[in-house]
Amino acid sequence: MSAKYPITVSSWTLGDKCTFEERVSAAKNAGFEGIGLRAETYVDALNEGLSDQDILEILKKYEMQVTEVEYIVQWAEDNRSYEQKYKEQMCFHMCELFGVSHINCGLMETYSVEHTAQKLKELCGRAGSLVIGVEPMPYSGIPNVKRAWEIVKASECENAKIILDSWHWLRANQPINLCVLEGIPADKIVSVQINDVYERAYAENVLRDESMHDRLAPGTGYGDTAAFCRMLKEKGVQPRAFGVEVISDSILARGVEEAARFNFENTKKVLESSWPEILEA
């Protein structure tokens with residue numbers, strides 16, 4: 001398995017109803033090399049009564065690591081809430097604690113490229129050496145790769161980069177073709193997340209509901225996850241984490257152990273046929 005590109009079970013894939021140790025154990029037993037944590041799931045672990053040292057000890061026990069931290073939002077607001085400011089600081093702390101070098105960020109609100117780029121620049125300044133990964137999502141203020149690159153490029157920040165998720169890519173009606181990434185340096189893509197989609201999308205006004213409840217495991221739907229991976233391989237992308245983000249009520253209903261196993265097995269099949277270097281590096 002991959003030490004260079006750790007195959008990571010993203011936080012939402014295992015939901016928010018399991019304990020921290022159950023999360024780590026399920027990921028390890030399935031074959032993942034890393035887990036993703038949202039600020040919320042990290043706080044859940046603290047609310048179990050775990051200290052930072054306890055959390056590190058559990059990771060050590062299972063020979064696992066946290067390889068993905070998320071999720072900073074509302075960063076383009078002129079007047080940000082204290083909750084969001086604190087969440088941002090929590091993400092910074094998590095990166096320091098777990099040795100993660102990038103943070104996944106999204107933006108639901110829509111602003112001009114100029115305003116968003118300036119706010120991204122400010123966020124990147126607060127982040128210091130950490131990479132801020134901007135994730136385009138079709139129902140958000142950064143709906144596609146083109147818009148994400150316009151903002152990242154305009155920010156002129158070395159540590160501003162892009163996260164690519166196959167579900168968001170497909171639901172933004174972008175073809176799986178290198179032309180979509182034309183002009184974007186491969187090293188400006190910091191991490192990758194894969195999953196799959198049903199044949200027909202939810203209606204536009206409830207598309208986010210599909211994203212948060214009804215994704216499919218890689219290679220089990222109509223999205224050609226393997227082609228998505230081959231495209232990124234050809235582009236020369238070297239992801240700091242290779243995430244599996246399958247947010248699915250039906251899969252998670254089988255339990256965290258089975259959800260982890262099912263998603264890993266299907267991810268492995270996809271990578272064996274499309275991007276074996278991820279498994280081997």
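This is a predicted model: local features need pLDDT of at least 70, side-chain atom pairs count only at pLDDT 80 or more; totals for chains, interfaces and linings use all residues.
## A strand covered on both sides

In total, six of the six residues of S6 are buried, and the strand is mostly covered.

Which strand pairs with S6 over three bridges? Strand S5 does, and the pairing of S5 and S6 is parallel. Within this pair, Gly133 stands opposite Lys161 of S6.

## The barrel

Now step back to the whole sheet. Eight strands close into a barrel, running in the order S1-S2-S3-S4-S5-S6-S7-S8, with parallel pairing. From one strand to the next, the twist averages 30 degrees. As a general point, strands in a sheet are paired by backbone hydrogen bonds, in either a parallel or an antiparallel way.

Strands S7 (residues 189-194) and S8 (residues 242-244) are another parallel pair, joined over three bridges. Here Val192 has Phe242 in S8 as its bridge partner.

## Helices on the sheet

Helix H4 (residues 82-98) packs on the sheet and touches strands S2 (34-38), S3 (65-72) and S4 (102-105). The direction of H4 makes about 165 degrees with that of S3. Helix H5 (residues 113-127) packs on the sheet too, touching S3, S4, S5 (131-134) and S6 (160-165). The direction of H5 makes about 145 degrees with that of S5.

## A closer look at H4

How many residues does H4 have? There are 17, and the helix reaches 24 Å from its first C-alpha to its last, close to the 24 Å expected at 1.5 Å a residue. Just after H4 comes Gly99, with a positive phi of about 75 degrees.

The buried residues of H4 are Gln84, Lys87, Glu88, Met90, Cys91, Phe92, Met94, Cys95 and Phe98. They pack against S2, helix H2 (39-47), helix H3 (52-61), S3, S4 and H5.

Why does Glu88 count as buried? Its relative accessibility is 2%, and buried means under 20%. Setting aside neighbours within four places in sequence, Glu88 is in contact with Ile72, Arg80, Leu123 and Arg126.

## Where H5 meets H6

The axes of H5 and helix H6 (residues 145-155) come within 8 Å and cross at roughly 55 degrees. That angle makes H5 oblique to H6, and the crossing is right-handed.

On the H5 side, the contact is made by Val113, Thr116, Ala117, Leu120 and Lys121. H6 contributes Arg147, Glu150, Ile151, Val152, Ala154 and Ser155.

## Ile251 in H10

Our last stop is Ile251, in helix H10 (residues 249-252). Is Ile251 buried or exposed? Ile251 is buried, because its relative accessible area is 6%. Not counting residues up to four places away in sequence, Ile251 touches Ala217, Val246, Ala259, Phe262 and Asn263.

How far apart are Ile251 and Arg80? They are separated by 171 residues in sequence and by 35 Å in space, C-alpha to C-alpha.

Technical notes: Residues are numbered from 1 along each chain as its sequence is written. Side-chain values use heavy atoms; hydrogens and water are left out. Two strands pair if DSSP finds at least two bridges between them. Helices (H or I, at least four residues) and strands (E, at least two) are DSSP runs, numbered from the N terminus. Axes are lines fitted to C-alpha atoms, for helices over the stretch in contact, and angles run from 0 to 180 degrees between N-to-C directions. Contact means heavy atoms within 4.5 Å. The expected span of a helix is 1.5 Å times one less than its number of residues. Buried means under 20% relative accessible area, exposed over 50%, partly exposed in between (1.4 Å probe, protein chains only). Angles under 35 degrees count as roughly parallel, over 145 as roughly antiparallel, 65 to 115 as roughly perpendicular and the rest as oblique. A crossing is left-handed if the near helix is turned anticlockwise from the far one by less than a right angle, and right-handed if clockwise.
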